Amino acid sequence: MPEAREVPAAHLPHVTVAESAGEIVGFATVLPGDAADRAELEDLFVAPEAWRKGIGSLLLAEAERRAKALGAGTLEVVAGERARPFYEASGFLFAGTVQTDLAPAVRLQKDIR
């Protein structure tokens with residue numbers, strides 16, 4: 001999975017990997033946030049051939065569990081327009097816009113208490 005090569009080595013202990021038939025089909029990374037009660041969903045990727053099979057939802061549920069284990073009450077994510085409907089359907093709310101290296105994106109957050 002080429003996208004996994006972009007995950008910094010320091011983040012690897014915070015990564016959850018999804019497998020199907022012995023192949024990696026997705027991953028998610030949850031990091032402590034800027035504030036003690038926040039966590040950041042740094043990455044959530046599902047291979048296109050594995051879309052619409054519930055893998056993203058399973059990775060997100062595990063990301064929320066990991067964020068709670070970090071002591072977070074809020075999980076934040078920066079998302080592009082393609083991913084925004086997925087996060088909003090999962091309970092994330094608009095919290096502003098940010099400039100990324102590629103383009104402006106939305107910051108979304110979810111109360112996970």
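**A crossover within the sheet**

Modeller: Happy to! Strand E3 (residues 38–46), helix H1 (residues 55–69) and strand E4 (residues 74–79) make a right-handed β-α-β unit; right-handed means that, with the strands pointing away from the viewer, the path from the first strand over the helix to the second runs clockwise. Helices (H or I, at least four residues) and strands (E, at least two) are DSSP runs, numbered from the N terminus. This is a predicted model, where local features need pLDDT of at least 70 and side-chain atom pairs count only at pLDDT 80 or more, while totals for chains, interfaces and linings use all residues. Residues are numbered from 1 along each chain as its sequence is written, and side-chain values use heavy atoms, leaving out hydrogens and water.

E3 and E4 pair in the parallel sense over 3 bridges, and Ala39 stands opposite Leu75 in E4; two strands pair if DSSP finds at least two bridges between them. E4 is also joined to strand E6 (residues 104–111) by 6 bridges, running antiparallel, with Gln109 in E6 as the bridge partner of Glu76. With E2 (residues 23–32), E3 pairs in the antiparallel sense over 7 bridges, and the two form a hairpin with 5 residues between them.

The open sheet has 6 strands in the order E1-E2-E3-E4-E6-E5, with mixed pairing. Its edge strands are E1 (15–20) and E5 (93–99), each pairing on one side only.
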